[in-house]
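Student: Could you walk me through this one slowly? I have not looked at it before.
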Amino acid sequence: MGTVAYVGDDNETFAGGAAVPRVVIVDDHRLFRSGVRGELGDAVEVVGEAGDVDSAVRVIAEHGPDLVLLDVHLPGGGGVEVLRRVLARQPEVRFLALSVSDAAEDVIGVVRGGARGYVTKTISGRELADAIVRVADGDAVFSPRLAGFVLDAFAATDAPPMDPELDRLTQREREVLRLIARGYAYKEVAKELFISVKTVETHVSSVLRKLQLSNRHELSRWATARKLV
Amino acid sequence: MSDTAAAEEAPRMQRARDGRLVAGVGAGMARHLGISTTVVRLALLALGFAGIGIAVYFALVFFVPAEAAADPRERAESARRQGRDLAQLLAYLAVAGVVGMLFLVFGGLFDPLLWLIVFGAIGGAILWQQANPAQRDEWVSATSLRSRTGVLRAGAGILLIVIGVFGFLAFQQQLHEARAGLTFAVATLAGISLVAAPWIVGLVRERDRERRERIRNQERAELAAHIHDSVLHTLTLIQRRAEDPREVQRLARVQERALRGWLYQRPADAETTVKAALERVAAEVEEVHGVPIDVVCVGDGDMDDAIHAELRAAREAMVNASKYAGPETVSVYGEVEPEQVLVFVRDRGPGFDLDAVPQDRMGVRGSIVGRMERHGGSARIRTSPGEGTEVQLTMPRIKGAE
């Protein structure tokens with residue numbers, strides 16, 4: 001996956017006063033979990049690991065991490081099921097979806113389920129650490145591919161939107177997404193559009209909110225119609 | 001059947017499915033002997049008058065296997081041909097003649113006995129047809145039992161036989177003598193059915209289970225073969241090239257893409273849609289140059305000549321990015337709009353001073369800018385030292401392409 005934008009909010013501290021975010025890794029491949037743990041090094045504190053939905057819910061409840069790295073495909077119902085069960089009880093936990101499958105259905109599914117970002121497993125360790133810090137801070141992480149999917153999902157159709165507030169992207173949001181899809185980092189997007197990085201983040205968060213809340217008929221139909229597994 | 005094949009060795013006789021009239025015996029025998037179908041049918045008909053022909057025909061129906069079923073499309077095709085087959089029309093006429101002859105022998109249309117025999121014979125033929133070796137499979141399988149035509153056909157056959165048998169008995173005034181025997185027979189049959197039914201149901205279930213198992217095993221074998229040919233092969237290569245990280249990465253990317261395509265993607269034709277074509281171009285460049293290229297494409301549409309040219313320009317841009325921009329990922333973004341197709345190729349390399357490029361350098365000016373302008377599009381190159389390079393290609397879509 002290309003570059004994930006990063007802007008430092010380095011001085012922030014996380015729950016429990018730690019200087020680095022406390023992370024739980026949920027993935028059914030043990031090899032991959034240890035690989036990620038190794039790559040992340042000191043950038044985060046890995047407090048727990050889980051390999052399926054039930055143990056993930058248990059480990060997250062036990063440790064109350066700042067962020068959960070969540071695999072989309074999991075035995076026992078998938079990442080969406082983890083999101084549903086954890087967010088019902090611990091709405092403060094943030095999720096970053098991480099998957100080897102970059103099919104639109106999966107990606108849109110976890111983001112609508114509550115994940116605040118999505119990156120593919122080919123992402124480099126440094127970029128992953130950046131993305132984790134960003135999501136743990138409450139921002140959204142859009143990889144170029146996710147931006148592309150979102151643009152596709154909100155593509156102009158003849159059908160009138162049911163809720164114009166939620167079912168349409170503003171011109172500015174569209175511009176931001178297109179630049180991200182072209183591989184621009186947040187600060188490059190900001191420079192290109194003559195706006196601040198903070199404004200870029202606001203736009204991305206707003207897109208994320210629309211993506212999660214829109215009941216737009218097209219959005220769900222789009223995912224099924226494409227039949228992308 | 002061709003003459004050469006017939007000369008070498010007559011093909012095993014099979015009852016024909018295509019171009020058959022009744023059960024395919026005539027057509028099958030004609031193929032087997034390598035002579036005209038009409039001749040065979042006429043011969044059978046002639047023998048039929050002597051009585052022996054009918055017996056031979058039915059014997060062949062039961063003992064000669066039918067051809068394997070052709071696929072439905074082919075069969076529909078042959079069914080349409082059947083309608084125009086003159087030889088077959090003649091054969092039908094001949095059968096009608098035989099039936100007419102029977103009427104004459106039994107003394108006219110109004111002899112009920114004749115009708116009862118005909119009913120019984122047709123009913124029996126229908127049931128036997130369903131139970132013959134080639135069709136028995138279909139018949140017992142759950143799908144054909146549930147299919148309405150199958151049930152309907154069996155029901156019609158049984159009804160015809162019952163009418164025939166009872167009618168025959170009634171007509172001969174023997175029905176009431178036969179009643180005691182009939183009651184006994186029915187009671188016995190019911191008893192046997194009660195005993196045998198669970199066993200038969202068990203057999204059918206077992207057979208279905210075995211079939212499913214066989215299908216599953218086939219799928220597993222196919223999957224294993226695919227994994228062996230692709231993934232295991234690549235893993236072996238990776239182990240042997242372990243000292244060359246660039247090559248290892250290239251192999252892994254190529255294999256990943258192949259596997260992903262096999263697992264997730266519909267077989268999109270790279271020649272007809274923009275998205276598939278763009279992804280294929282990127283994959284090809286990546287394979288040659290070993291620099292990862294990420295493609296994001298929004299929207300999709302049909303290809304046309306101008307977009308072909310745009311993709312060739314995009315390929316050139318990707319090659320340049322791969323050659324000069326170092327090992328960092330190249331980002332490719334395509335956007336298919338109703339009026340135009342946009343392609344962005346972006347790298348994070350050192351960038352260059354566009355004005356410093358000599359006029360005669362072909363790469364950028366000829367292959368990219370020139371090619372786009374010749375086809376009515378435009379190319380814009382944004383670069384400066386230290387900022388990477390982005391090539392933006394815009395091609396209007398041909399009117400009516402959407």
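Tutor: Let us begin with chain B, where five strands form an open sheet in the order E1-E2-E3-E5-E4, with mixed pairing; strands (E, at least two residues) and helices (H or I, at least four) are DSSP runs numbered from the N terminus, and two strands pair if DSSP finds at least two bridges between them. This is a predicted model, in which local features need pLDDT of at least 70 and side-chain atom pairs count only at pLDDT 80 or more, while totals for chains, interfaces and linings use all residues. Residues are numbered from 1 along each chain as its sequence is written, and chains are lettered from A and ligands numbered from 1 in the order in which they are written.

Student: How many bridges join E4(B) to E5(B), and are they parallel or antiparallel?
Tutor: Six bridges join E4(B) to E5(B), residues 389–396, and the two run antiparallel; B:Ala379, for instance, has B:Leu393 in E5(B) as its bridge partner.

Student: Which helix of chain A lies across E1 and E2 of chain B?
Tutor: That is H6(A), which runs at about 10 degrees to E1(B), where angles run from 0 to 180 degrees between N-to-C directions and axes are lines fitted to C-alpha atoms, for helices over the stretch in contact.

Student: And what does H6(A) pack with at about 90 degrees?
Tutor: H6(A), residues 144–153, packs with H4(A), residues 104–113, their axes being 10 Å apart. The two helices are therefore roughly perpendicular (65 to 115 degrees). A:Ala104, A:Val107 and A:Ile108 in H4(A) meet A:Leu146, A:Phe149 and A:Ala153 in H6(A), contact meaning that C-beta atoms, placed from the backbone, lie within 7 Å.

Student: New topic: is H5(A) enclosed or open?
Tutor: It is largely enclosed by the rest of the structure, because 10 of the 12 residues of H5(A) are buried, that is, have 20 or more other C-beta atoms within 10 Å of their own. Among the buried residues are A:Leu128, A:Ile132 and A:Arg134, and the buried residues of H5(A) pack against elements of chain A including E1 (22–26) and H1 (30–40).

Student: What happens just after H5(A)?
Tutor: There A:Gly138 takes a positive phi of about 100 degrees.

Student: Is A:Phe194 buried or exposed?
Tutor: A:Phe194 is exposed (12 or fewer such atoms), with 7 other C-beta atoms within 10 Å. A:Phe194 lies in the loop between H9 (186–193) and H10 (197–213) of chain A, and its phi is near 55 degrees, a positive value in a residue other than glycine.

Key: Two residues are in contact if their C-beta atoms, placed from the backbone, lie within 7 Å. Angles under 35 degrees count as roughly parallel, over 145 as roughly antiparallel, 65 to 115 as roughly perpendicular and the rest as oblique.
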